[in-house]
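Subject: Structure handover

Hello,

Here is the structure for you to look through. My notes follow below it.

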Amino acid sequence: MFIDNVKIYIKAGNGGKGAISFKREKGIPNGGPDGGNGGRGGNIVFRATRDLNNLVNFRFHSHFRAENGEAGGSNNKIGKSGKDLVINVPQGTIIKDAETDKVIADLFYLDKDYVILKGGNGGKGNNFFKSPTRQAPHFSETGEVTKEYAIKLELKTIADVGLIGFPNVGKSTLLSVISNAKPKIANYQFTTLSPNLGVVNYYEHSFVVADIPGLIEGASEGQGLGHEFLRHIERTRLLVHIVDISSQDGREPYEDYLVINEELKKFNEKLSQLPQIIVLNKIDRVKDYFKVDEFKYKLNNKKAKVICISALIKENIEELIRTIWQELEKLPPQVPLDVEEFGFDKKDITAIDIKKVEKDVYEISGGFIENISRGIVVNDYESLSYFWKRLKNDGIISMLKEKGLKDGDTIRIGKVDFEYIE
């Protein structure tokens with residue numbers, strides 16, 4: 001089974017809770033706070049590997065969560081950080097945000113790690129909140145809770161050359177002849193159900209060739225199997241367009257050539273502009289070479305490179321390989337997609353949003369308030385005092401008053417309501 005497009009869900013690890021602990025030593029008020037910070041949650045990391053060639057592993061496993069950070073301990077012990085979750089995918093996989101379809105990363109290079117989600121920060125232990133006026137804080141900070149995100153994985157085969165053409169024109173046979181690939185070959189339509197890759201050696205050089213299966217008329221609009229594989233051509237630098245010049249299936253070679261090019265254009269204008277080498281295959285079955293002359297006449301393109309071969313009996317194969325390499329040398333190397341910086345978990349810890357949601361009720365939200373509210377313990381006087389001091393010193397109370405806040409009004413933060421007293 002070949003799968004090259006899946007939707008999965010990822011979640012980085014939560015941060016560990018800060019500890020509340022006191023060191024019991026003589027002369028230290030209340031034993032002295034020594035609660036350590038919580039550990040950081042694990043990251044979600046993607047890595048491209050050549051050990052995989054499609055996304056079938058994600059068909060039945062779609063939820064991925066990194067390890068949470070551990071809670072802090074006594075004696076200022078910092079909690080253990082959660083392990084990163086490394087997700088292996090085939091080289092050439094593109095990661096997109098499922099909601100916006102925006103590209104997050106292009107896993108073009110092998111064995112390079114891409115951190116897609118960062119783990120949550122660990123909460124501060126009660127030792128962090130110690131001050132000259134707060135010598136024995138009985139509160140700590142919870143760890144940062146991360147969100148789950150939906151992403152799409154799309155595989156775009158990385159190859160220098162793409163073999164295109166109607167089914168049963170000899171693409172798989174040619175790939176098996178010129179490279180180390182071992183595709184399944186049979187004499188019927190849609191033999192190939194997934195792109196096959198092969199490495200072609202030409203003296204001290206080499207290049208990668210992909211057999212792109214199943215192109216037929218209407219492929220760009222979802223007909224047949226070809227529409228599922230057109231994206232794999234987008235990576236290639238050069239197309240080798242194979243045409244069955246023998247017409248043994250009753251098809252007209254030049255019409256087939258036009259149909260395939262039209263499908264490329266409909267799917268992506270850039271595909272139709274890729275350089276092509278036209279290969280007239282099954283020449284050993286042609287009794288009248290007028291067919292070749294007729295094709296070239298209809299082509300009416302003196303610059304087009306047309307090579308007659310027989311993949312079955314390996315006729316003119318060396319000439320084809322040499323021509324492919326000569327064309328590749330003229331073309332720029334492959335490069336990954338130009339991806340704009342994107343981050344699910346970019347946190348603006350300065351953001352503050354104040355709204356009057358009801359009569360005498362004001363709601364505060366935003367990254368700033370979410371960050372400092374993790375330290376609130378509503379039933380602890382010192383915790384609330386610290387929190388209100390932050391609100392006052394950081395100008396939140398002044399902002400609320402500008403919105404109309406007065407004595408006795410309610411301030412809502414998340415699911416907790418506080419009464420404001422002057």
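First, a term: helices (H or I, at least four residues) and strands (E, at least two) are DSSP runs, numbered from the N terminus. The model is predicted, so local features need pLDDT of at least 70 and side-chain atom pairs count only at pLDDT 80 or more, while totals for chains, interfaces and linings use all residues. Residues are numbered from 1 along each chain as its sequence is written, and side-chain values use heavy atoms, with hydrogens and water left out.

**Overview**

The protein has eight helices and 18 strands. Of its 422 residues, 49% are buried. Buried means under 20% relative accessible area, exposed means over 50%, and partly exposed is in between (1.4 Å probe, protein chains only). A contact means heavy atoms within 4.5 Å. Take the contacts between residues at least 6 apart in sequence: 71% of them join residues at least 24 apart.

**Two loop residues**

Asp111 sits in the loop between strand 6 (103–107) and strand 7. Its phi is positive, about 60°, although Asp111 is not a glycine. Asp111 is exposed, with a relative accessible area of 55%.

Asp360 is in the loop between strand 15 (353–358) and strand 16 (361–365). Phi of Asp360 is also positive, near 65°, and this residue is not glycine either. Asp360 counts as partly exposed, at 25% relative accessibility.

Two strands pair if DSSP finds at least two bridges between them. Axes are lines fitted to C-alpha atoms, for helices over the stretch in contact, and angles run from 0 to 180 degrees between N-to-C directions.

Strand 2 (residues 44–49) and strand 7 run antiparallel and are joined by four bridges. Arg47 has Asp113 of strand 7 as its bridge partner.

**Helix 1 and its cover**

Helix 1 (residues 171–178) is mostly covered, with six of its eight residues buried. These are Lys171, Ser172, Thr173, Leu174, Leu175 and Ile178. What covers them includes strand 9 (161–164), strand 10 (196–202), strand 11 (205–211), strand 12 (238–244) and helix 5 (317–330).

Helix 1 packs on helix 5 at an angle of about 85°, with the axes 11 Å apart. That makes helix 1 roughly perpendicular to helix 5. For the angle classes, under 35 degrees is roughly parallel, over 145 roughly antiparallel, 65 to 115 roughly perpendicular, and the rest oblique. Leu174, Val177 and Ile178 of helix 1 meet Ile317, Leu320 and Ile321 of helix 5. By class, this contact has six nonpolar, no polar and no charged residues. Here Ala, Val, Leu, Ile, Met, Phe, Trp, Tyr, Cys and Pro count as nonpolar, Asp, Glu, Lys and Arg as charged, and the others, Gly among them, as polar.

**Helix 2 against helix 4**

The axes of helix 2 (residues 253–267) and helix 4 come within 9 Å and cross at roughly 40°. Helix 2 is therefore oblique to helix 4. Pro253, Tyr254 and Tyr257 of helix 2 make the contact with Phe295, Lys298 and Leu299 of helix 4. By class, that contact has five nonpolar, no polar and one charged residues.

**Strands 13 and 14**

Strand 13 (residues 276–281) and strand 14 (residues 305–308) run parallel, joined by four bridges. Ile277 stands opposite Lys305 of strand 14. From strand 13 the chain crosses through helix 4 (residues 290–299) to strand 14, and this β-α-β crossover is right-handed. Right-handed means that, with the strands pointing away from the viewer, the path from the first strand over the helix to the second runs clockwise.

Cys308 lies in strand 14. Cys308 is buried, at 17% relative accessible area. Leaving out residues up to four places away in sequence, Cys308 touches Leu280, Ile283, Val292, Glu315 and Asn316.

Best wishes
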